Amino acid sequence: MPTIVTHAAVPLCLGLGLGRKIIPARLMLGGVVLAMLPDADVLAFKFGVAYGNAFGHRGFTHSLLFAFVVPLLCLLGYRWFRAGFIRVWLFLTVSLLSHSLLDSVTTGGKGVGWLWPWSDDRFFAPWQVIRVAPFALSSYLEPRGQAVMWSEWQWVWLPGLLMAFLLFVLRKNFR
Ligand SMILES: [Zn+2]
């Protein structure tokens, strides 16, 4: 995984760029939660589930099925998000899907289990650019952890903020 905080970058930058009228605060919050949700599976390590297992890290919570079903479940209470049905669905799906996409471009760990339950194979994107994040928080004080943060800034936050800025400019000029 990139660090869990960096997974929030996608809905945050999209939400900021599109503005509150399009993405209300509650919807942005929902996107942030869903973008980080797949890594709840690290709890599996505590129960002794192996990394490569479908219920291990980057397993079923990182699958396309999960990214399809969870936003649909959230739609049951879509009014809470204070936006239209389609917009809530789209934003939550993009946020959740961005998680496994980001994971698939990291330089380490096992790939993501996109095709669960049809296949237990793990997948990576054709190129890996983001340094994989260590699990131990203490390593962020060391050079290795700092290299991870730099690579996340470079590959996620910076492009995300540029996109947000671009959306902001477009929004101000075309209305
Ligand atoms: Zn992950």
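**View 1. Buried residues of helix α2.** A9, V10, P11, L12, C13, L14, G15 and G17 are the buried residues of α2 (buried: 20 or more other C-beta atoms within 10 Å of the residue's own, C-beta atoms being placed from the backbone; exposed: 12 or fewer). Helices are DSSP runs of H or I, at least four residues, numbered from the N terminus. The model is predicted: local features need pLDDT of at least 70, side-chain atom pairs count only at pLDDT 80 or more, and totals for chains, interfaces and linings use all residues. Residue numbers start from 1 along each chain as its sequence is written. Eight of the 10 residues of α2 are buried, so the helix is mostly covered. Its buried residues pack against α1 (4-7), α3, α6 (85-104) and α7 (143-173); contact requires C-beta atoms within 7 Å. Just after α2, G19 has a positive phi of about 85 degrees.

**View 2. Helix α2 against helix α3.** α2 (residues 9-18) and α3 (residues 25-36) pack at about 160 degrees, axes 8 Å apart. The two are therefore roughly antiparallel (angle over 145 degrees). V10, P11, L12 and G15 of α2 meet M28, G31, V32 and A35 of α3. Six of the contact residues are nonpolar, two polar and none charged.

**View 3. The two faces of helix α5.** F66, A67 and P71 are the buried residues of α5 (residues 64-74). They span an arc of only 115 degrees around the axis, which puts them on the same side of α5. These buried residues pack against α3 and α6. The face turned away from the buried side carries exposed F68, V69, L72 and L73.

How values were computed: Axes are lines fitted to C-alpha atoms, for helices over the stretch in contact, and angles run from 0 to 180 degrees between N-to-C directions. Angles under 35 degrees count as roughly parallel, over 145 as roughly antiparallel, 65 to 115 as roughly perpendicular and the rest as oblique. Two residues are in contact if their C-beta atoms, placed from the backbone, lie within 7 Å. Ala, Val, Leu, Ile, Met, Phe, Trp, Tyr, Cys and Pro count as nonpolar, Asp, Glu, Lys and Arg as charged, and the others, Gly among them, as polar. The arc is that of the directions from the helix axis to the C-beta atoms.
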